[in-house]
Amino acid sequence: MRLYGLELLRGLTITLGHFIASYTVGIRRRFSRAPAGDPIAAQRREGIFTVQYPEEQKPIPERFRVLPVLIFDGKEGERWSENTERCTACGICAKVCPPQCIWIEQAKSAEGKPVPKAGNFYIDADVCMNCGLCAEFCPFDAIKMDHNFELSVTERTNTNLFDINRLHVSTEYYARTHPVAWGEEQARKEAEAQRRAAAKKATP
Amino acid sequence: MAQTVLFGPSEEQVLEQEARRHVAVLPWGKLLEMIDPVYNWGRRNSIWPLQFGLACCAIEMICTAASRFDIARFGAELFRASPRQADLMIVSGTVTKKMVPMIVRLYNQMPEPRYVISMGACASGGGPFKEGYNVVSGIDKFLPVDVYIPGCPPTPQALLHGLMTLQKKIDGQKITAAPWYGPAVTPELPVPGLGPDLIDFRQSDRIRELCAKPDGFPKPEVLPKWIPAPAVPADSGVRLVEAGQLLETARALRSRAERPLDYLANLTCTDYEDCFEVVYHLDSIGRPGKPEAIKVRVKKAGPELPSVVPIWPGADFQEREVWDLYGVRFTGHPNLKRILMWEGFEGHPMRKDYLEPYYEGPAKIFPSRWKEGKRTRVEERNPLGRNVRYPAGFDPTRWVPQGESFQPVTGASLQKLKTDTLVVNLGPQHPSTHGVFRMRVVVDGERVAALEPVMGYMHRNHEKIGERNTWLMNFPYTDRLDYLCSMGNNFGYAIAVEKLLGVKVPERAEYLRVIMAELTRVLNHFWAIGFLLNDLGAFFTPALYAIKERELILDLFEMVSGSRMMCNYMRFGGVAADLPAEAPALLASLIRDRLPRAVDGIDRFLSGNEILMRRCQGVGVLPREAAAAFSAAGPVLRASGIAHDVRRAEPYSIYDRFQFDIPTAEEGDVYARYRVRIAEMRESLKILRQAIAELPGGEVIAGKKLWNIRVPAGDAYGRVENPKGELGFYVVSDGTDHPYRYHVRAPSFINLTALGLMCQGELVADVVAILGSIDIVLGETDR
Amino acid sequence: MGIVTWPAWLETLLPMVVKITIILALAPVGMMYLTWFERKVVARIQDRFGPNRVGPYGLLQPLADGIKMVTKEDLIPDGADRLCHFLAPILIVVPALYLFTVLPFGEGIVAVPLVTGLLFFVAIGSTEALALFMAAWGSRNKFALLGALRNAAQVIAYEVPVVLALAAVPMIAGSLNLNEIVRAQSGGWFVATPWGFTAALLVTLGGLAEVNRTPFDLAEAESELVGGFHTEYSGMKFALFYMAEFLSTLALGALVAVLFLGGWLGPKFLPGPVWMGLKTMALVFVMVWIRGTWPRFRIDQLMGLAWKVMVPLALANLLGAALWSFCPGAAGWLASAALSVAVFLVTTQLWLAPKPKTPTHWAGKY
């Protein structure tokens, strides 16, 4: 024999519990040691669940992808140049892009012969689907996915067609935002260099 | 006192004119300038959005209003259902041609001052679906947009940044320059018409001019090619049947003794050089085994086939889709109308010779991208700057809109209805969040006499774009089908194509796939339950508790794949990347500790709630025989007492290694579906515990990852048990690097066939609850 | 010497004007901060902050909302009945303001000390149904009209148990004057008695239905199908509807505080009006708490609740109050408590028990 109506009251006690926890758990957290970005601690948390953007930011995992960026070897604050750019205009990213939002114009030498550099590189941000296939398949580690999501604008015709100047970021920036991937890339290049050195030594 | 000059202004007058020119604004203007800060402050801190969401971006918009990101802090959580009380329209999702008239109407009804945020790539510029025949390349073709937010989808923090950009824009406005206080009344935007293509009446003259010329619209250079219909070997298990024999064969298969094929899993069509081939995939409910296929070929000129609706009623919507997109007529169909496009649309879009106005080439990779990749927006190549084309001699000013005919689905015949009934529209703009879905309901007093679902408002042309994509490119597009369950969609597509590729997936990848798929199931059911309660009016609290748990799973997805919703994680032969270092601990903590507690919590909070039970028990009953006949799938099928689950019927991946039960319920009502979902969440957690315990090391992909592959010729139907039901992919390969035919068997689409039956005789207030219990997603329903 | 004496008419007019000004000034402010309170409490229930960027703790949020609503364009639908459309928001807000004139906020602090205060309150409160109907009629929207009719039916249906429950109070207190009723509770609040507790419950829940709040907010829910009665209103007129709903909620809370929770009575370390305020806010908190928790009823279930549960309970409660009053000592308490509990159990169990539906068979025809 079940007393109907009790569940309604139980529902009320559960929400009252959430209400009280939203005040009291905050007090405990202020005195606790777990850092705000710790994902394990985050999910034990009752109480307020809000991340107060823009003053607080939800911790961004390294693999988070928004729009692509081109990498050049250099420091933050420097400008890219033909010597430091990594892109060889092989075109794989333009070919693998599902909505075909990448246009690459191969650079030409002074005589007019094509050289493995990008003369111009465009990405239409109003078409890009943030899939990351361009970064996944670039053989030269030249195009990577960036974390910057603060891209809202009031005008799009001129602003949202990114060109090669806007797209370039330095390796220092990339290493700072993607430490694990950068470490893997360095390790891979190191191993490759050693393998080549060993091969060169083997064959005189 | 200066001397008055007889001709010309006096010295005083000159001085006064100088002063007026350089120094003073009229006192009235000065006063208004002082009001500016207050006026702008009030407006920017109290922006009330319209309850209006189109597609995947709308999910992130809802998450922005949820507890983690909390748009309420900005004062913007009061989403108003009526446009007359809203200030902001956030266009979140792809704008389709079928939906644009509604959007413009809604915009017209909003009072000034009003703002538009175009959220996401699709709303800004068409996004990945830009070339679709039913897609408008950006809402700014019709509405004035204040802020654009790139991203696909933009994360909630990006939307908040967009809101802040709008606030900054408002801060800079002046009341003296405000157009809504200006002398000219802001005109109402003309509502576009749905004729042979979308008609923007502001371009009427130009359209008439172009249609009068013989070559007004550009002719493409390279056209798609057909292949002839491949031969069907006798031992392949596929039956090739003549059109005249179809009904006989169908009845025989349905009533045979050994494994009767009583369930129509999939019905679709392929356009070959010499014929249209309609394929039927049939299954036997409750008896494990692979689906059996029947193929029928009809001639290209005037294609006609008998309808199998009398045998398998679940064929209803699927045959309408084939009629709509291919033009194959099904004689004997009770309601053969277009289902995804609108009546009056010119052409059958999925035919190979139908080329969209933005058509660039038969298959990607488009040569214009590299090596001479001069950047162009495709609008620049089009005479109207839009994705539209009209027949020769078309004159928009003489065009008369076609009226809509009403045809109820199942049950009531219109003759029996009393004369004082009312036809009412529910949607496509809904306060409940199922997306742009419309129902036309004949109401007899308080009860529903008949109901007709109207879809196509989110028809984004996945299948046509899919035929142009390479095999790999389709993965991110599958993310956007059922945008809540992207991992599951990836899984289905991978399974289907791997049948043709014949590649063996490494053990670790199999386990990772299962883990992601089952986490998706938990995540989806949380969302479904939360929003069912929302439909019942529980003002968001259960929905927000559910979304909180979902956010934690999304954190894991973001950590592993790079995106919360559009994971793009699976590849042919495995997964894209291995788990990062911090993932296993989070996985273990979620699966062993947090999620079981959360499921128990939601169960305790809601399952016994008397109001919930009163509103859900006995409501929207789907009888057992009807569930199988209407090709229902997923929890809808299982709540009607049929224990059919693709993971047991045709085990894929490594599901045969796990111990789990298939929960069912007998009543088939809304409450039963709710209970089945809670039970399924517990079963998923069981599978997850086993999976993480057994997770082996090793490779995550077979062989080297290639960016372009050729798939051997042939066709395959691969299916998975997605949280909403059986998700199937029918792919036909001609041996090249892109599919010849790519069809999605969408569970949401086919589950809706039973909606009319479920709603009959119910109260109007229950219709939304019943829809919520089916759990549809429009990205999948309309593809 | 010239001592200034006020003329007689000024002596009556001036206090009136002062009181009207105070109510007109404070009531909207109260309503605005009630919206703030609701948004914050519901947010906290949902593990989030609620408005907190506009001013400290979001306290300036209602001000921003007000400025925005006042400056929005006023849309009048084509072919609408302009007089109805214009009058409806006024007719809904003014009675809501009237309700505050008879509520005592402290010992002797009442705007109009009516002898029949309670009667006035109930009578004025029930004019809302008419204004609702006018709003929908004035919008020339058949769906808004259907919604408003349902709403009117709901309001009228819930008048009966609310008034019957309220009737117990003057019966025991001996007066309809709200100040007297408060004084009659100086021996013990009415809510501490079995009949008082039942009556308070009935008035609170019935009152929720009267002011269209969850779980009875069909008017807003039905906007999925039929437009709520205020669908066609924008700007200041909509603000008035919004204001009326919250003012009624506040007045309801204050009424229950006066009738059952002892009004301005309380230990002397806080002045009377503060106690009144605290009790009102406690009741408003309960109403907001319910809003944040329960799903809403369907129209037929709502009517069922009114007629099948609340009316019998209210009638039985009158008998219970009489028993309590006339039977001496503990017998009176026991009798009225037993009566309340018995009737409550019988009616709710009968009404809440799920009705099993016979399984349907599908004929197989399509």
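User: How are helix α20 (residues 670–694) of chain B and helix α23 (residues 764–774) of chain B packed, and at what angle?

Analyst: Two packed helices are described by the angle between their axes and the distance between the axes. Here α20(B) and α23(B) pack at an angle of about 30°, with their axes 9 Å apart, where axes are lines fitted to C-alpha atoms, for helices over the stretch in contact, and angles run from 0 to 180 degrees between N-to-C directions. Helices (H or I, at least four residues) and strands (E, at least two) are DSSP runs, numbered from the N terminus. The two helices, α20(B) and α23(B), are therefore roughly parallel to each other, given that angles under 35 degrees count as roughly parallel, over 145 as roughly antiparallel, 65 to 115 as roughly perpendicular and the rest as oblique.

This is a predicted model, in which local features need pLDDT of at least 70 and side-chain atom pairs count only at pLDDT 80 or more, while totals for chains, interfaces and linings use all residues. Residues are numbered from 1 along each chain as its sequence is written, chains are lettered from A and ligands numbered from 1 in the order in which they are written, and side-chain values use heavy atoms, with hydrogens and water left out.

User: Which residues of α20(B) and α23(B) meet?

Analyst: Contact means heavy atoms within 4.5 Å. From α20(B), the residues V670(B), R673(B) and R677(B) meet A769(B), I770(B), S773(B) and I774(B) of α23(B).

User: What does T293(C) touch, and where is its place in chain C?

Analyst: T293(C) sits in the loop between α11 (272–291) and α12 (299–326) of chain C, and at 3% relative accessibility T293(C) counts as buried. Not counting residues up to four places away in sequence, T293(C) touches G11(A), L12(A) and T15(A), together with A538(B), T541(B) and F605(B).

User: How many residues does the largest nonpolar core have?

Analyst: A nonpolar core is a set of buried Ala, Val, Leu, Ile, Met, Phe, Trp, Tyr and Cys residues joined through side-chain atoms within 4.5 Å. The largest one here has 343 residues, and those with the most contacts inside it include L54(B), Y280(B) and L755(B). Its largest share, 19 residues, comes from helix α10 (residues 235–260) of chain C. Domain 1 (2–43) and domain 2 (68–199) of chain A both give residues to this core, so the core lies between them; these domain bounds come from an automatic or database domain assignment. A second, separate core of 55 residues includes L70(A), I104(A), I143(A) and M145(A).

User: Which value of phi does Q100(A) have, and where does Q100(A) lie?

Analyst: Phi of Q100(A) is near 55°, a positive value in a residue other than glycine. Q100(A) belongs to the loop between α3 (92–96) and β2 (102–108) of chain A, and Q100(A) is buried, with a relative accessible area of 1%.

User: Where is the cis peptide bond to P113(B)?

Analyst: The bond from E112(B) to P113(B) is cis, with omega near -15°, and P113(B) lies in the loop between α4 (100–109) and β2 (115–119) of chain B.

Conventions: Buried < 20%, exposed > 50% of the residue type's maximum accessible area, 1.4 Å probe, protein only.
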